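Hello,

I am passing along a structure that I would like you to look at. Please open it first, and then read my notes below.

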Amino acid sequence: MERLTSPARLMIVSDLDHTMVDHHDPENLSLLRFNSLWEHAYRHDSLLVFSTGRSPTLYKELRKEKPLLTPDVTIMSVGTEITYGNSMAPDHGWVDALNHKWDLGVVKEETGKFSELTLQAETEQRPHKVSFYVDKSKAQEVAKELSQRLEKRGLDVKIIYSGGMDLDILPQGAGKGQALAYLLKKLKSEGKLPVNTLACGDSGNDAELFSIPDVYGIMVSNAQEELLKWHAENAKNNPKVIHAKERCAGGIIQAIGEFKLGPNLSPRDVSDFLECKVENANPGHEVVKFFLFYERWRRGEVENSEAYAASLKASCQPGGVFVHPSGAEKSLVDTIDELRKHHGDKQGKKFRVWVDQVLATETAPGTWMVKLDKWEQSGDERIGCTTTVKFTAKEGEGLVWEHVEQTWSEESKLKDDSSWII
């Protein structure tokens, strides 16, 4: 969050499973639509927060499976763990707050007396969260009895039932809502309270997010019965909380538009980039637009025409250089000629490209350095590289690509790097 020196224009706080991530969308199209919108229009002045019931272990597994962006803040284990940035540095102040009237040993002892509870995997048991599976028909009765027993033992806990089967026991001060309230208070104390905050969810453990004052809320169209029931009983007349018409990330994009929180046209929804003109063209948009065109070119979804090749070459400095991850150098114009040979080579195949952490810095008047992570998914193989692009502004021509340099990401192991174009 330190990269922002002023309040975020928008902070999106989103659940992951069945909200940001649609597990019924094998191509991840709604997630990729959101990704390109965020990197194009919001990354530079806004905050992205993932708030998930997943433990750190399962969260990292999901990142390997799905094309998730890197959030500024990650709230995990149903609001019991808050971490920041790429390194996922923990918030120790939050840990101290959760220790009030909490004793993990006592919770384990009392829950062990309920045969109706089935302990979840060891990875899901955390310092401030104990998780079980329970039959839907017995959940309410078990939660009530367990709550009374723990109260008698001097604990102050919260029991959350969600997903039709998951029962989580947390400190009373924990949960997704309290974690968000803590984060907002922290940002306010730093003079960086976001101008607008949008909370997004689909299940019972997301209900707390919509109870925080002055926060917009979106229940995605595929929201579960337990969340819709909560809404009908608690927030039916709150115009700031709506039920989207679109699933998952598509519903988040819809909410941005309905609440008028900023641009909500994803570059992936633009069919012809030659017609795509953006007022005050920015380097982030140029990068998102190019790599999306690159994906469509290789998938054969755009015509192999001279007009596209000429447009690409016109946007490059004549002496511009591309440094391949292998260290080899070639001109940007030659790189475009190389790309032309690969038109449609991924047609009919599972091939997607996305960019992450697009951050631009104006190093001199009219000169920009843009850093980003560029990823390609081809079948089950995912490869990525850290990319640096130098742009210069030319009167009447907009932004011109002057230099591109790429290095392999730590996660990528490409045996034959000759297949990597740019």
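Here is what I found, starting with the whole chain and ending with one residue.

Please keep in mind that this is a predicted model. The chain is built from 11 helices and 18 strands. Along the principal axes, its C-alpha atoms fill a box of roughly 75 × 45 × 40 Å.

If you take the contacts with a separation of 6 or more, 64% of them join residues 24 or more positions apart.

The surface and the charges come next. The chain has an accessible surface of about 19,300 Å², and carbon and sulfur atoms make up 49% of that. There are 53 positive and 65 negative side chains, with the centres of the two sets 2 Å apart.

You will see G344 in the loop that runs between helix 11 (332–340) and strand 15 (351–364). Is G344 buried or exposed? It counts as buried, because its relative accessibility is 18% and the cut-off for buried is under 20%. Setting aside the neighbours within four places in sequence, G344 is in contact with W297, R298, R299 and G300. As for W401, 57 residues separate it from G344 in sequence, and the C-alpha atoms of the two are 24 Å apart in space.

How values were computed:
Residues numbered from 1 in each chain as written. Predicted model: local features only at pLDDT ≥ 70, side-chain atom pairs only at ≥ 80, totals over all residues. Heavy atoms only, no water. Helix = DSSP H or I, 4+ residues; strand = E, 2+ residues; numbered from the N terminus. Contact = heavy atoms within 4.5 Å. Areas by Shrake-Rupley, 256 points an atom, 1.4 Å probe, with all protein chains shown as cover. Lys, Arg positive; Asp, Glu negative; His and termini not counted. Charge placed at Lys NZ, Arg CZ, Asp CG, Glu CD. Buried < 20%, exposed > 50% of the residue type's maximum accessible area, 1.4 Å probe, protein only.
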